[in-house]
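Work through the exercises below with the sequence and the structure at hand. Each task is followed by a solution in steps.

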Amino acid sequence: MAFLACTIIHRVKRSLYINPSCRTKTIYFVRHGQATHNVRAEPLRESGCSHEDFMKQMQEDDEVDARLTEQGKAQAIEAAKSVSAQQAHRTVDLVVSSPLTRALHTADLVFPKQLLKEHRKKDIPRVALEDFREINGLLLNGKRSGKPHLKQAFPHWDFSLVEHDDDKTWTAEQLEEMKSVAERAHNCLHWLLSRPEQHIAVVTHGGFLHAMLNEHDDIVIKDAEPESHKLDVSNERTSNPNLKNNARRRFRNCEVREMNVSLNDCGHAVTLHPATLT
């Protein structure tokens, strides 16, 4: 069974025109806070468990469109105080999120609507985009809530780019391949570069961010470890001090990472240059 791709960006990618004057942007990438499905799984991963044990724990704690825990909310509130987040509060012109509830909720806590308005002297648009979602399929936590429910729960968000009321991309039969997630990430970077805004906040997921940083040949990470030192998603210890300054390392819950994103001269490859790791 072929996996159903998130298609809006994929369909329009070839027609995207990226103005040369807008070929470099500052993007604040954030992973969502702790959610109900990874309370036990995340510590297991950090302890160096096998990928199979990690997935088994996730399945035991699984639920549809997993919500933030109280700890996850606290993580997001604390992340809003970070140097990178405070810089974003003063500069961002757009907030983008995965349409999964835990990401939307995190975005509202790390980048509060009223706080951004006070800093920017205007309302900053918030856009949910399907392609920024987590690795899709198999796990219920990756299945999003219906669009009507999301619009009611998050009325200040624009869901016009979420095509279907129900989640038609999720399947119970299989987990999306990492190659597919990486291609989504590459498409998303092109979409961000095509936007008129210069400073953008993006709230997404650990698996998506890993694929973006490690799994696509046309996403170049500056000042990162050589190709041979790409991180293995199946057995990476985020607490390992040797990885703390590696730009490819896995995002912690609610970590805010500022990156300069640019389009290479070829017009296809994208370069990410970490500005800060906070």
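**Exercise 1. The largest pocket**

Task: State how much space lies in the largest pocket, which residues are closest to its centre, and which helix gives the largest share of its lining.

Solution. 

Step 1. Note the basis of the work: this is a predicted model, in which local features need pLDDT of at least 70 and side-chain atom pairs count only at pLDDT 80 or more, while totals for chains, interfaces and linings use all residues. Residues are numbered from 1 along each chain as its sequence is written, and side-chain values use heavy atoms, with hydrogens and water left out.

Step 2. Define the term. On a 1 Å grid over the protein atoms alone, a pocket is an open set of points where a 1.4 Å probe fits, with protein on both sides within 12 Å along at least five of seven lines; lining residues have an atom within 4 Å of a point. Grid points are joined across faces, edges and corners, and the volume is the space filled by probe spheres set on the points.

Step 3. Read the volume: the largest pocket holds about 320 Å³ of space.

Step 4. Turn to the lining. It has 23 residues, and Phe 54, Met 58, Glu 134, Ile 135 and Gly 207 are the closest to the centre.

Step 5. Sort the lining by helix (helices, H or I, at least four residues, and strands, E, at least two, are DSSP runs numbered from the N terminus). H2 (41-46), H3 (51-60) and H10 each supply at least two residues. H3 gives the largest share, four residues.

**Exercise 2. Helix H9**

Solution. 

Step 1. Count the buried residues (buried means under 20% relative accessible area, exposed over 50%, partly exposed in between, with a 1.4 Å probe and protein chains only).

Step 2. Name some of them: the buried residues of H9 include Arg 184, His 186, Cys 188 and Trp 191. Cys 188 has a relative accessibility of 1%.

**Exercise 3. Aromatic rings**

Solution. 

Step 1. Apply the rule: rings of Phe, Tyr and Trp (its six-membered ring) pair if their centres lie within 6.5 Å; planes under 30 degrees apart count as stacked, over 60 as edge-to-face and the rest as tilted. The count comes to two aromatic pairs.

Step 2. Take Phe 132 and Trp 191: their centres are 6.5 Å apart and their planes 70 degrees apart, an edge-to-face pair. Phe 132 lies in the loop between S3 (126-128) and H8 (147-153) and Trp 191 in H9, so the pair ties together parts 59 residues apart in sequence. Phe 132 is buried at 1% relative accessible area, and Trp 191 is buried at 8%.

Step 3. Take Phe 132 and Phe 208: this pair is tilted, with 5.6 Å from centre to centre and 50 degrees between the planes. Phe 208 is in H10 (residues 206-214), 76 residues from Phe 132. Phe 208 is buried, at 0% relative accessibility.

**Exercise 4. Charges over rings**

Task: Which rings have the charged end of an Arg over them?

Solution. 

Step 1. State the test: a charge sits over a ring if NZ of Lys or CZ of Arg is within 6 Å of the ring centre and within 35 degrees of the ring normal.

Step 2. Arg 45 lies over the face of Phe 54, 3.9 Å from the ring centre. Arg 257 has its charged end over the ring of Phe 251, at 3.8 Å from the centre.

**Exercise 5. Positive phi**

Task: Where do Lys 121 and Leu 138 lie, and are they buried or exposed?

Solution. 

Step 1. Lys 121 is not a glycine, yet has a positive phi of about 60 degrees. Lys 121 lies in the loop between H7 (113-120) and S3, and is exposed at 71% relative accessibility.

Step 2. Leu 138 has a positive phi near 65 degrees. Leu 138 is in the loop between S3 and H8, and is partly exposed, at 32%.
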